[in-house]
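Here is a briefing on one protein model. Look over the sequence and fold first, then read the points by topic.

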Amino acid sequence: MNLWRLEWLRLVRTKRIIALLGIYVFFGFVGPLSARYMEQILENFGGGVQIIVPEPIAADGISAYVGNAAQIGLLVSVGIAASALAFDAKPQMGVFLRTRVGHVREILTPRFAVMTAAVVGAFLLGSVVALYESVVLMGSLSYGGWLVGSLLGSLYLVFVVALVAAVAARLSSVLVTVMVTVGVLLALPILGIAPAIGEWLPSHLVGAIDGLVREAALGDYVRSVIVTAALTGVLLWVAVRWAGQREL
């Protein structure tokens, strides 16, 4: 059995793929529903006090999905990716895998590729569900903007998995890998408070769907796309280098 098939079976048999699909699809359903009925929800929790909110539009449903996916969905994705990419967390497993390949790249490549495909696939499926719900409940929106925004959001997730791979190659704990990765991801939006800096950061792509289904132009995200793609390549190179230098 080759490592590609082994990694896929590990993802499926441990039910991690179900967790990924479940969290994104769930928010794909719930996000537009909460946007559509926000006024009624607030009134129920407000003890009968009448609350007036703006008439919801389809873009609000996409925004609600992205908000949840960028928080809980991303945290779940990082945790599952760390469990796959921090293969040295269990020394016995690390030794077993390393002694059966010519280079550590042969271990990292299938794990990174399969995990990236799973995370991006789950995100896109949730985005499709959110689109359908939003259109049915609140009317049409820019389908082209939604499609491009979804692809840009996917690029950000590829960057996230590459970041996990680099951190996991340096550290030896799944939990610490998750904590450090989440810390870096939280720091990026803080750096991006300054507009001149934020437009260049990978975190700028998180809101691409929301922006593109409203008034934003694709050009607003070009800088971030370039930086994100470059950083992803650097992180993968670093992951291979650090993993190859690790002494068990």
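Phe123 is buried, because its relative accessibility is 7%, under the 20% cut-off. The model is a predicted one.

**Aromatic contacts**

- There are four aromatic pairs in the structure.
- A charge meets a ring elsewhere: the charged end of Arg170 sits over the ring of Trp242, 4.2 Å from the ring centre.

- Helix H2 covers residues 16–36, 21 residues in total.
- From first C-alpha to last, H2 reaches 31 Å, close to the 30 Å expected at 1.5 Å a residue.
- Which residues of H2 are buried? They are Ile17, Leu20, Ile23, Tyr24, Val25, Phe27, Gly28, Gly31, Pro32 and Ala35.
- An α-helix has 3.6 residues a turn, so residues three or four places apart point the same way.
- In the buried set of H2, Ile17, Leu20, Tyr24, Phe27, Gly31 and Ala35 are among the members.
- Lys15 lies in the loop between helix H1 (3–13) and H2.
- Lys15 is not a glycine, yet its phi is positive, at about 70°.
- Most residues other than glycine have a negative phi.
- Lys15 counts as exposed, because its relative accessibility is 51% and the cut-off is over 50%.

**Largest cavity**

- How many cavities of 30 Å³ or more are there? The count is two.
- The largest cavity has a volume of about 130 Å³.
- By class, the lining of the largest cavity has twelve nonpolar residues, two polar and no charged.

**Second largest cavity**

- The second largest cavity holds about 50 Å³ of space.
- Eleven residues line the second largest cavity, with Leu85, Phe87, Asp88, Ala168 and Ala169 nearest its centre.
- H7 provides the largest share of this lining, three residues.
- Which classes make up the lining of the second largest cavity? Eight residues are nonpolar, no residues are polar and three are charged.

**Second largest pocket**

- About 220 Å³ of space lies in the second largest pocket.
- The lining of this pocket consists of Ala70, Gln71, Leu74, Leu75, Val78, Tyr156, Val182, Leu185, Leu186, Pro189, Ser203 and Val206.
- Helix H4 (58–85) and helix H8 (174–191) each supply at least two residues of the pocket lining.
- H4 gives the most, with five residues.
- Ten of the pocket-lining residues are nonpolar, two are polar and none is charged.

- Ser63 lies in helix H4.
- Ser63 is partly exposed, because its relative accessible area is 21%.
- The C-alpha atoms of Ser63 and Ala130 are separated by 9.4 Å, and the two residues are 67 residues apart along the chain.
- Val114 is in helix H6.
- Val114 has a relative accessible area of 11% and so is buried.
- Val114 and Trp4 are 110 residues apart in sequence, and 7.7 Å apart in space from C-alpha to C-alpha.

How values were computed: Residues numbered from 1 in each chain as written. Predicted model: local features only at pLDDT ≥ 70, side-chain atom pairs only at ≥ 80, totals over all residues. Heavy atoms only, no water. Helix = DSSP H or I, 4+ residues; strand = E, 2+ residues; numbered from the N terminus. Expected span 1.5 Å × (residues − 1). Buried < 20%, exposed > 50% of the residue type's maximum accessible area, 1.4 Å probe, protein only. 1 Å grid on protein atoms, 1.4 Å probe; cavity = no way out; pocket = protein on both sides within 12 Å on 5 of 7 lines; lining within 4 Å. Points joined across faces, edges and corners; volume = space filled by probe spheres on them. Nonpolar A, V, L, I, M, F, W, Y, C, P; charged D, E, K, R; others polar. Phe/Tyr/Trp six-rings, centres within 6.5 Å; stacked < 30°, edge-to-face > 60°. Lys NZ or Arg CZ within 6 Å of the ring centre and 35° of its normal.
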